[in-house]
Structure formats: C-alpha cells, structure tokens
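User: I would like to learn how to read a model like this one. Please take me through it feature by feature.

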Amino acid sequence: MEEPVSEGKNSNLAAARASKNGEFYTQWVDIEREMNAYLEYDPDVFRGKVILLPCDDPEWSNFAKFFALHFSDYGIKKLISTSYAPNSKPADIPYQPTLFETESPQFDKQKTFSHGKKFVLEDKDVNADGVVNIDDLQWVYLEGDGDFRSDEITALRNEADIVITNPPFSLIREFIAWLVEGKVAFSFIGPQSTLSYKEVFPLVRDGKFWIGKGFAKGDSYFRIPETAKTDYAAGVYDPATQLVHFRNLTWFTNIEHGRRHEPLKLMTMADNIKHSKHKQVRAVGYQTYDNFDAIEIPYTDAIPSDFEGIMGVPISFLEKHNPDQFEIVGNEYSLNLSKGRAYVQGQRKFARIFIRRRKAQ
Ligand SMILES: C[S@@+](CC[C@H](N)C(=O)[O-])C[C@H]1O[C@@H](n2cnc3c(N)ncnc32)[C@H](O)[C@@H]1O
C-alpha cells in the first residue's frame, strides 16, 4: 500500500514512490556521516557484531562496500548483504549481471534473474592477500528472491545484531515491524513522515526509535537507474550529477549518537515573550489548546526553558530531541484528542507532539 502523500514539500517523494519502487542508491558520504555519528559516541559500536544489509546489492550499492572497507577497523564479526531478485523488481529496471558474477563458478544464467544473492564477509582472508576486505566477500544465490519478509532473510535478521539499509519506502511499515520483531539494533533511511505513523509513534515516545544524525542540512541525494530519470518531477533529477534530490528523508535508528544528548539551548518564558524572534510569541505569549491541557509552541526554538506543564511542539522538534531534557507525552492520536487534532481558538494546528520538561536531577 502506498502512503498518501501531501502536496508541496512532499511531492518529490511522491514522485519517487510512483517510480520504480524506490529504486535509488545511497551515497557513500551519507553512509559515512551517519555511521561516524554512532562511532563518535561509541567507537566499539560495531565491534564483534553481525551486521545485516538487506534490500541491498554490493555490486550496485555502497553499503556493503563501505562496511567491507571498514571490516577490520570497526572490528565487525560478520557482514551479510542480501540483494533482491531482478525479476521481482519493476520490469523496466535494467539488469545485467556483473563480471564478478558471470566469471564466478556458481554463476547460473536463470538464477541471476529469479533469485536474490547473499554476500558474506567474515574474519577470513580468503584470497590470502594479507587483508580482509571486499575481495574476500563470498556469495551464493539465495533460495528465494531476497524479499526481507521471507523466512530466509528473517533467519539472517535473527542472526544479526545490527540491520542497516535504505529499504523500499512502499514497504516501510512492514520493514519497521520486521526490525522490531527481530529485536535488533537498526539504522535506515526513510521519509520523515514515518515518525507519525500510528505503529511508529509509540516507539518514538517510548525511546525505542529516534532520528539519527541525518543528512547534511536535510538534503539527500541518490543515484538512480538511467531508465528512472523521467519519473521525477522537474528539479528533482539533476542531469549534471545524475542524482535525485529529496528534502524530506532522514535516518532512523535505535543506536546512540551525540546529538541526542546535546540539550537544546532555550530562553525562559519571560525572555521569550520579551525577545522571541517569532511574532506569534513576542509580546503575545503562549496560547493554550481548546481541547487539551497544554500550551502551543509554534517553533522548537520558542520552547520555554522553565515551563513545567505539557507543551505541543512541531514534529520537527524530534530532530533536536534530547531524552534527558524532555519527556515525550504523546501525540494527537495516542492522547485521543477529539477530531485527532489540537485546536487553538477553533483553529486546527499542524501535527503536534506533546512534551514535558524533565525535572532537574
Ligand atoms: C531505496 S533502494 C536502496 C538500495 C540500496 N540499499 C542502497 O541504499 O543503495 C531499495 C531496494 O530494495 C529493493 N526491494 C524492493 N522490495 C524489496 C523487498 N520486498 N525485499 C527486499 N528488497 C526489496 C529494491 O529493488 C531496491 O533495490
């Protein structure tokens, strides 16, 4: 099922969904930036771990290449990457087996189309060149097409400590349910709107799912198959770089990183009313909701540092959320607000998250 996508900012993503089942490939720099955030917090985050990269393909994607390069310095125990069968993808995605595959003794000219593949790197210098790297990757055809929901890939999830990928967004709810069921650490790319899904928000509220470091300035760029470029709205695909550009994607994870522990710097309520750069707050003060006992905060930087009650903030607050500073109380749905929205003087507000300041220890 496709998610309904609103107009405007989200139309890039609507185009991506309508096109080749989200066939776009993550850039090395973006993987590196996100993983570095976890490593800065805990240099041993990947040490001794089994890492699974589903919905991937090392011949195309950077995820397996990135982790294979860092296999030894990160101290990874085992790296598994699985790819999805070309026949299971939309018909017009061009597919040509690589020389790596065709020159390999197990190459099968039928299976290359109908089956997924599994690539494994362990701490074994298979080609005896003195280093363990991508050249030591071993591969086999999977029994099935590599669908992450299959028993075969689920068994690999059960073996894994950490699952990392850029999954198909049309299946993102199932993907998240699959991760949660597997009780694994995870890091993946998805649309920001995922945070408000009714199955996902309770995880966010309960501190089991959060935003990662994210893309630099919120801009994400991906490589796409040649045939998909006409599927994107003008301005989304850049022929010069051959990349598509989205503004509404981010990384989601349950792995710790530093930004999550930086407190937001905020002014008191009195200072906000005196000095806020937002005219909705300056001199006017904070409004209360008609249908919920909380104050309305139109911008994250206008959260007063000294208010003890519940505050409604925009969803973008979650990009700055530090769980030691604020507790997430709920959203319109989890708190059963009438009509599923917060109102101020009869006016419906955009989606809000309700938070409360944690008491100083
Ligand atoms: C957004 S792309 C990302 C590819 C790669 N992980 C990367 O980041 O470069 C998602 C990939 O998942 C594949 N895919 C689609 N449905 C899938 C499924 N049910 N199970 C596994 N992979 C799937 C798509 O064909 C596509 O290659």
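Analyst: We look at one helix, then the ligand shell, then the domains. This is a predicted model, where local features need pLDDT of at least 70, side-chain atom pairs count only at pLDDT 80 or more, and totals for chains, interfaces and linings use all residues. Residues are numbered from 1 along each chain as its sequence is written.

User: Why does the span of helix H2 agree with its number of residues?

Analyst: Helices are DSSP runs (H or I, at least four residues), numbered from the N terminus. The expected span is 1.5 Å times one less than the number of residues. H2 covers residues 28–41, so its 14 residues should span 20 Å, and its end C-alpha atoms are 20 Å apart.

User: Which residues of H2 are buried?

Analyst: Buried means 20 or more other C-beta atoms within 10 Å of the residue's own; exposed means 12 or fewer, with C-beta atoms placed from the backbone. Asp30, Ile31, Glu34, Met35, Ala37 and Tyr38 are buried. They fall within an arc of 140° seen down the axis, so they line one face of H2. Val29 and Asn36 are exposed, on the face turned away from the buried side.

User: Which residues come nearest to the ligand?

Analyst: Near means a C-beta atom, placed from the backbone, within 6 Å. Tyr25, Thr26, Cys55, Ser61 and Asn166 come nearest, out of 20 residues around the ligand.

User: How is the chain divided?

Analyst: Domain bounds come from an automatic or database domain assignment. Domain 1 is 7–260 and domain 2 is 263–357. Their centres, taken over C-alpha atoms, are 35 Å apart.

Conventions. Helix = DSSP H or I, 4+ residues; strand = E, 2+ residues; numbered from the N terminus. Arc of directions from axis to C-beta.
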